[in-house]
Amino acid sequence: MASQSPVRHLFGLNPSSSELSQYLATLAAHVSTPNPTTPEVKSYPDVVYLNYYLLGLSLLFIPASGYKPKAGLQLSELNNDQLILDSLDIYNIPKSSISGPRSKGSSSRTAELAFSSFPLYPLVFDVGGEVKDKDGNVQTRPSILEVTSQTTGKDFVQCLGEPDRKGGGAGPSSGSIGIWCEWKRDGIMVEFGGDEAKGPQAWERGKDAAWKSDGGTPFSRGTDFTWLRAQQLYYTQSHPSRLSNITLLSTMAAPESLTILDITGTYTMNKVKSDNSTDEILRLQGVSWFKRKAISIGSITLKVKHYKDEEGIEHVDIDQTLTGGIPGTTEKRTLWWKERHNEDHLFGAVVGKTRRTKVDVFDEDFLKKGWTEDTLEYGVIQSYVESDTPKSGTTWIANQTWGIEVVDGERRYTRHVKFTGPHGEDIECRLVYDYRRHIRIPLEYTVLRLTRPFVNPWLFLVLGAAYIISFAFFSRAQSFLTPASSYITCDAAFWSSNNGCGLDGELCEPFINPAIDFRCPAQCDSLILQNPRTVGGEQVAFVPLIVGGGDSQHTYRGDSFICAAANQQWVNFENRF
């Protein structure tokens, strides 16, 4: 380990920078293959990849200053000054993994197999700071993270703490992708390889999985170590204003600090992890098919406020909404085990009571099992609700316990529902919720706070009334104050067509010059002659009939279209300025 390979200083550089070129040359010195620093270019309008297959390295650049590279460009055709290094993919693929036998369920992604293993270790990353372990205890991290080809998942977690996101292993992707972890604050994402990182027991064995295949268990694809969030990290350090008006919303497991003593927060029902018997329960409660369909399609969000009043009595206020802001039920619960009648717009008339209690009071195992130790210590929240049969016309009972539970290795706020239907139907249903964390950047929060009064419904009513009144006055001025005799057609003229004025124009007399008010329809300038009309020694067609207007008095011949002539005079008037 005589050499080290720091990488953080590379972010923000362009492909032609001397610092980046020097780094690639250092890597190339550890590779015996000729021309290892010649990359394959993959260019797109929003991203450019430089793949150094022989170095086990892929660089991702993002365009800046409005630059949009075309697809299929060569290296010499790129505008390097307008490309910024945003992330790195570092591969750890031993040569034996390409030719060796595949592990069961492995994937042969040709693009990744083309990479060699990264040549220079250890990789060095500046970390430091404090994190919390899985038990919520604060621990101080080492100042640097050194990664070798044999670094395991346990090593990463011991240095970086619990990951912000993780996935892979068992589930739909089992056999095709190993377990992976992401530490967003550090901009690090790791995918682990080998059979230890796949299958139903992947997360139990993953702590011993290296980010490469074990030498005795060759696999068909490598594993990548990538700064997935390097763009966000770089901009936060060098261009903090880029993030000044962004609100980040993450859906995640419940934090260690969240206990059943205070469940205040925002939650989204996780329909994948929850039981699928909710529709049947709603049907037995008398909820219409249309509403049940809307609930099944939309996302259900709970906004929970958990507090104590002046007398020390606990309250839990819950507002439920569906996707698009559609209001659901509102739960106002007081934890004192007294019956409370309520008229719910979804379930009808109900009677309910709520309390905090130890699980020993329940006879049903479903209501008292599965909770975390802290939930058992503090006591679950029991919600007992039944239909008000004389008012609702139906009979059902929903006995629930609320608490914190570990689901798929993560802490979740859950509800266990023991439902009894009108005919004795017995349904057990577990509802699992994702915890939603809002991170508000101060500038955006200030804007939201200042503009919040503008969403007041009374303001909407006032503005709506003002618009209607203004539109009424405008319409009155435009239509009702204009005499009916002033409306003329687009082809109206003082001299009637087809000898309508009679011999010597007697029928169109008197020939005086009174001022008249008139109003033309829209689009009169598009009315043209469809047949030739004689004007002096010429015949004109396919133009508006306008004869005259060029003298100082703007005099037109009597058979000219009045609206077309007026429009011509208006255009001439505007052109003077």
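1. A residue is called buried when its relative accessible area is under 20%, exposed when that area is over 50%, and partly exposed in between, as judged with a 1.4 Å probe and with protein chains only. By that scale glutamine 523 is exposed, at a relative accessible area of 60%. Its phi is near 65 degrees, a positive value in a residue other than glycine, and its place is in the loop between helix 13 and strand 25.

2. On the basis of this note: the model is predicted, so that local features need pLDDT of at least 70 and side-chain atom pairs count only at pLDDT 80 or more, whereas totals for chains, interfaces and linings use all residues. Residues are numbered from 1 along each chain as its sequence is written, and side-chain values use heavy atoms, with hydrogens and water left out.

3. For the chain as a whole, the secondary structure comes to 14 helices and 26 strands, where helices (H or I, at least four residues) and strands (E, at least two) are DSSP runs numbered from the N terminus. Of the 577 residues, 41% count as buried. The accessible surface comes to about 32700 Å², of which 54% belongs to carbon and sulfur atoms; these areas come from the Shrake-Rupley method with a 1.4 Å probe, and for residues only the protein chains shown count as cover. Among contacts (heavy atoms within 4.5 Å) between residues at least 6 apart in sequence, 55% join residues at least 24 apart.

4. The structure holds 2 disulfides, a disulfide being taken as a pair of cysteine sulfur atoms within 2.5 Å. One of them joins cysteine 490 to cysteine 524, with an S to S distance of 2.0 Å. The torsion about this S-S bond is about -75 degrees, so the disulfide is left-handed. Both cysteine 490 and cysteine 524 lie in the loop between helix 13 (457-480) and strand 25 (533-535), so the pair ties together parts that are 34 residues apart in sequence. Cysteine 490 is buried at a relative accessible area of 16%, and cysteine 524 counts as buried at 9%.

5. The other link is formed by cysteine 520 and cysteine 563, whose sulfur atoms are 2.0 Å apart. This link is left-handed, with -95 degrees about the S-S bond. Cysteine 520 lies in the loop between helix 13 and strand 25 while cysteine 563 lies in helix 14 (residues 562-574), so the pair ties together parts that are 43 residues apart in sequence. The two ends can be set side by side: cysteine 520 is partly exposed, with a relative accessible area of 29%, whereas cysteine 563 counts as buried at 4%.

6. Arginine 141 deserves a look in the viewer. This residue lies in the loop between strand 8 (138-140) and strand 9 (144-147), and at 6% relative accessibility it counts as buried. A polar atom of the arginine 141 side chain lies 3.2 Å from the backbone oxygen of leucine 160.

7. In helix 1 (residues 18-28), the buried residues are Leu20, Tyr23, Leu24, Leu27 and Ala28. They cover an arc of only 140 degrees around the axis, which puts them on the same side of helix 1; the arc is that of the directions from the helix axis to the C-beta atoms. An α-helix has 3.6 residues a turn, so residues three or four places apart point the same way. The face turned away from the buried side of helix 1 carries the exposed residues Ser18 and Gln22.

8. Strand 20 (residues 348-357) is mostly covered, since 8 of its 10 residues are buried. It pairs with strand 19 (residues 340-344) in the antiparallel sense over 5 bridges, pairing being assigned if DSSP finds at least two bridges between two strands. Strand 19 and strand 20 form a hairpin with 3 residues between them, and the bridge partner of asparagine 342 in strand 20 is valine 350. Strand 20 also runs antiparallel to strand 21 (residues 380-387), to which 8 bridges join it, and there valine 351 stands opposite glutamate 386 of strand 21.

9. Serine 65 is found in the loop between strand 4 (57-63) and strand 5 (83-91), and it counts as exposed at 69% relative accessibility.

Notes:
Polar contact = N/O pair within 3.5 Å; in protein donor to acceptor, adjacent residues only side chain to side chain.
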